[in-house]
Amino acid sequence: KYPVKNGAGQKFFFDSWGMPESYQSTGESQALFTFDDAKLRATFNAIAQLYGEENALKMVKIQPGILAFKKENFKQSLENFGEIFGVDEAKAMILR
């Protein structure tokens, strides 16, 4: 009843609304929320390295969107919070 993708050659009347006439579509389309499995694994591993594997799993179960963050920022964020609150308090705060 509700098609997931625009079929080949099928074009809806509203596809060009709001677009300048000079706009050229590449014809490629992606889902709104695409993800790369390798990137997600690398991000999880970065979290696990800082907080431990069990805590990383808890964090991802509570908030799966955490895997969308840049893995490079986790360590620096923990260090910055650690300077203010102490490392153990910072970890406990983030785990909550």
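Trp-17 sits in the segment before helix H1 (37–51). Welcome to this predicted model, where local features need pLDDT of at least 70 and side-chain atom pairs count only at pLDDT 80 or more, while totals for chains, interfaces and linings use all residues. Residues are numbered from 1 along each chain as its sequence is written, and side-chain values use heavy atoms, with hydrogens and water left out.

**Overall layout**

- The protein has four helices and zero strands; here helices (H or I, at least four residues) and strands (E, at least two) are DSSP runs, numbered from the N terminus.
- Reading along the sequence gives the pattern α-α-α-α.
- Of the 96 residues in the protein, 16% are buried, where buried means under 20% relative accessible area, exposed means over 50%, and partly exposed lies in between (1.4 Å probe, protein chains only).

**Out on the surface**

- Trp-17 counts as exposed because its relative accessibility is 59%.
- Together with Phe-12, Phe-13 and Phe-14, Trp-17 makes a nonpolar surface patch of about 490 Å².
- Patch residues have over 30% relative accessible area and no salt bridge; like charges are joined within 9 Å, and nonpolar side chains (Val, Leu, Ile, Met, Phe, Trp, Tyr) within 5 Å.
- A salt bridge is a side-chain nitrogen of Lys or Arg within 4 Å of a carboxyl oxygen of Asp or Glu.

**The second largest pocket**

- The second largest pocket holds about 210 Å³ of space.
- Elements giving two or more residues to its lining are helix H2 (53–62), helix H3 (72–85) and helix H4 (87–95).
- H3 provides the largest share of this lining, three residues.
- Among the lining residues are Tyr-51, Met-59, Ile-66, Phe-74 and Arg-96.
- By class, the lining has nine nonpolar, two polar and one charged residues.
- A pocket is an open set of points on a 1 Å grid over the protein atoms alone, with protein on both sides within 12 Å along at least five of seven lines, and lining residues have an atom within 4 Å of a point (the probe is 1.4 Å).

- Ile-66 lies in the loop between H2 and H3, and Ile-66 counts as buried because its relative accessible area is 10%.
- Ile-66 and Thr-43 are 23 residues apart along the chain, with 8.6 Å between their C-alpha atoms.
- Ala-46 belongs to helix H1, and Ala-46 is buried, with a relative accessible area of 14%.
- Between Ala-46 and Lys-71, 25 residues apart in sequence, the C-alpha to C-alpha distance is 6.1 Å.

Methods:
Areas by Shrake-Rupley, 256 points an atom, 1.4 Å probe, with all protein chains shown as cover. Points joined across faces, edges and corners; volume = space filled by probe spheres on them. Nonpolar A, V, L, I, M, F, W, Y, C, P; charged D, E, K, R; others polar.
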